[in-house]
Amino acid sequence: MRRLLSEIRIAGFGGQGVILAASVIGKAVAIFEGGYSTMTQSFGPEARGGSSSAQVILSSDPILYPYVTSPDILVVMSQEAYTRFTPQLKPGGILIMENELVQPGQVAAPEGVHVFGVPATRLAEELGRKVVLNIVMVGFFGAVTNLVDPDALRKAVEDSVPPAMQKLNLAAFDKGFQYGAELIHRMTEPETELVPAQEGDE
Amino acid sequence: MSECLVDIPADAINPVEPYLRSERIPHIWCPGCGIGTTVNCFARALDESKLDLNKVAIVSGIGCTGRVAGYAALDSFHTTHGRAIPFATGLKLANPELQVVVYSGDGDLFAIGGNHFIHAARRNMDLKVICVNNLTYAMTGGQTGPATPDHVISTTSPYGVFEPAFNLVQLAEAAGAAYVARWTTFHVKQLARSMEEVMKKRGFCFIEIISPCPTLYQRRNKMGDGLDTMKFYKQVSKIRNGAPTSECGLTKSGEIVVGKFVDRDRPGYFEMLNAQMTETLGDRYVIPEASSCGDC
Amino acid sequence: MHADPRGVLTGVHFLDGDHACCEGTLAAGARFAAGYPITPSTEVVERFAWRIPTVGGVFIQMEDELAASITMQGAVWGGAKAFTVTSGPGFSLMMEHIGYAAVTETPCVFVNVQRGGPSTGLPTLPAQADMMQAKWGSHGDYGIIALCPNSPQECFDLTITGFNLAEEFRVPVMLMLDECVGHMTEKVVIPEPDQIEITPRRYTKKTPEEFRLFEPREDKVPDMVKAGDGYHFHVTGLTHDERGYPSMTVDTQDKMVNRLQDKLKPFTNGRAIFEAADLEDAEVVVVSYGITSRVAQRAIEMARAKGIKVGKFRLITAWPFPEQHIRDIAAKVKALVVPELNLGQMVREVERSAGGAAKVIGVPHAGGTVHNPEVILKAIEEAVR
């Protein structure tokens, strides 16, 4: 499939696996879809424990300019990341957030931005390991954006973690993906409102 | 007319000659300098040790002793100031079958190169470090060095040295050397034996040789010429094998404790490397061999 | 000669420039690295330390960069292909041993992942401000080769090229990455070992009696030997004659220093590596390298969209500087625009080579991030005005 250039920013705090999440998405396209992707990350003193952000550009053609200034898609896993990066989203872009870590509404999103939320921390905890919240986010991202072939994403997850962690991470991916797919399904029902799912919805 | 006491045949050669690049003689060292004496001992040690000379490499830094590499008929490297040990480290690691000797001076090995010395000793890198300690920077005209004793006059300490000096043998032991000895250029037999001994010893070995620099050190400190210095060494030296190195510090005119102070078994760098990798990687570990990246 | 399969991680990977560079060293046949940790270059040796025990070779973390840069050279004379890796402050410490490698004609590779300077500067942020240092940093006259990759794929490819050139010309080769390229992750295709050309070390075929360590072949480059093969050779950083013996004469100095530069002449123009596009009708050409070439590309596209005839010339070999190419371009265009992440380094070379035939407009940037493409665009617009 031919894709237009898409720019993605993933942000949160250090230790959440922000870089790995971005790497999985980049790898899915570059290796398992045969397309191109460029991942850059913000290094800096803040990369040690503070805030963390990574950018991925996806394209069918080789990518020349490697930086993201105004992303099409923003994935946030912390309040700070939400506040800092939401205003930079492209109008009509997609904002994906971790429901329990981000309280929306404090900054104005550009016009026409679609907002999707997922309780990734809770879903990860249900699997017994909070650390896989980043991969839950990747699964959710896959379902709601439909930008990357889910099989490619799954393979990239498998390829990006040590063998002993593959099962857990794939389960996390599936859980996030399923949550996203159900959300999209509900949203396409006429009576469903365009709001993030709340606790105890299901 | 002088009388020859021994009949020297016309075709006689000096027994150390095969170990030297005779085409490069005369050397640059001054009359009375001790470096040549140490080289003589080194040649004898090579002779006695029966090592395959194709597998012995010598690495020097900069300074008067740094020139030793250039006179030895071996694969020889005259490197940069202070860096003989790290160069030798690379040489040894890339070609473990080489016996690598580092031959340099006190300033080179312990001031500018001091950090490398302690780290190579810590790693127990399989290097034989021979330090000619003339207690001064001679090549540059007699400045204070890290081993220059108290009260000595040098061009950069015209009113006398007041900084404490390193006790090199204590430093070597503390840093982890497997073998530590000290001799003066008066002790040629013992020195040659020590040199021969380290050729067979595994790990980081260190020999300090107290040596005169009549031109710059002895003259400036009114300590006479080369011969006077030999007499001085004979008079003040005390052989104390196994002496605690902490008691072996040097003063300007006091006792010089000489002998073999340390001879211990510590696993060498390659042993530790191979053991750790084998433990962690098992069969997947590929033991590094002598490299060959050419087409021959 | 083809690459030794043991070091080649054939396949499609998603790697950052530092990691790709490391794979390049392994594919090129490097079996020895000496390093010292320094941001943003450490990932190169971290990966090497992880990979090398199962390939067969040695990584040693030295006590400082002075040590690392000379330990590497000891390993070369022991027979290994070897390299070291660093960034700004460490590169400054290595200067002496760039000179030693140059004068002893030790084939080796210095990887410098450039960060903002001077001094400790910006450890985690990019610059391209070591370009002059790479060429002139050690005292005295000598020649080196410096290559500037602009992607992880090139970090892999040019590392192999760098090792090959080091062997061919017996010079230290600098791989001048920058923090952006080093930390950018992209697809990296590593070919089959038999698709990778490796330049083997050219060991002498002469006997120890015939052999002279620095006697040049016709191409002005001498054959190599290694310790342990019975040649009993002498290597020194002093000015030396063809036997390798110190010789403090004006004649020896003249002969030796000139050859150290002259041996690179065939490479300077004829074999310079570069990427050029749209030069035919160009009124203005953007000359750039490393990460800046990718930023400049966006400015070029913006300018072309406005109807400006702009071409590009990307320096891949920065040193020796491809002066003839620049001279030829300058003769045909109005102006050359040179953006770089420093306050004006390679722009001087462009200016010198253009020799007044075209206007040369530098677009300096103090580093810490890349240029805003609009700034480069503005310079292009100015250039055609």
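C:Glu186 and C:Arg294 form a salt bridge in which the closest N and O atoms are 2.7 Å apart; the term denotes a side-chain nitrogen of Lys or Arg within 4 Å of a carboxyl oxygen of Asp or Glu. Two salt bridges are counted between domain 1 and domain 2 of chain C. The model is predicted: local features need pLDDT of at least 70, side-chain atom pairs count only at pLDDT 80 or more, and totals for chains, interfaces and linings use all residues. Residues are numbered from 1 along each chain as its sequence is written, chains are lettered from A and ligands numbered from 1 in the order in which they are written, and side-chain values use heavy atoms, with hydrogens and water left out.

**Domains of chain C**

Chain C is divided into domain 1 (5-195) and domain 2 (274-384), with bounds that come from an automatic or database domain assignment. The C-alpha centres of these two domains of chain C lie 26 Å apart. Contact, meaning heavy atoms within 4.5 Å, involves 26 residues of domain 1 and 23 residues of domain 2 of chain C. Between them the two domains of chain C bury about 2,000 Å², with 59% of it on carbon and sulfur atoms. Buried area is the accessible area (1.4 Å probe) that two parts lose on being put together, summed over both. On the domain 1 side, C:Gln128, C:Met132 and C:Asn150 supply 32% of the area buried against domain 2 of chain C, more than any other three residues.

**Interfaces between chains**

The size of an interface is often given as the accessible area lost when the parts come together. Two pairs of chains touch, and the most contacts are between chains B and C. The table sets out both pairs.

| Pair | Residues in contact | Buried area | Share on carbon and sulfur | Salt bridges |
| Chain B and chain C | 46 from chain B, 49 from chain C | about 3,900 Å² | 60% | one |
| Chain C and chain A | 21 from chain C, 21 from chain A | about 1,700 Å² | 61% | zero |

Chain A and chain B do not touch, and their nearest C-alpha atoms are 16 Å apart.

**Pocket and cavities**

Both kinds of space are found on a 1 Å grid over the protein atoms alone: a cavity is a set of points where a 1.4 Å probe fits but cannot get out, a pocket is an open set with protein on both sides within 12 Å along at least five of seven lines, and lining residues have an atom within 4 Å of a point. Grid points are joined across faces, edges and corners, and a volume is the space filled by probe spheres set on the points.

The largest pocket has a volume of about 840 Å³. Its lining comprises 32 residues, and A:Leu20, A:Ser23, A:Ser160, C:Phe14 and C:His19 lie nearest its centre. Helix 1 of chain A gives the largest share of the lining, six residues.

Seven cavities of 30 Å³ or more are counted. The largest cavity holds about 100 Å³ of space. Of its 14 lining residues, B:Leu135, B:Phe232, B:Thr251, B:Lys252 and B:Ile256 are the closest to its centre. Helix 9 of chain B gives the most to this lining, with three residues.

**Backbone geometry**

Most residues other than glycine have a negative phi, and most peptide bonds are trans. A cis peptide bond joins B:Ile25 and B:Pro26, with omega about 15°; B:Pro26 is in the segment before helix 1 (35-49) of chain B. Another cis peptide bond joins C:Trp319 and C:Pro320, with omega about -5°. C:Pro320 is placed in the loop between strand 14 (317-319) and helix 11 (323-330) of chain C.

Methods:
Helix = DSSP H or I, 4+ residues; strand = E, 2+ residues; numbered from the N terminus.
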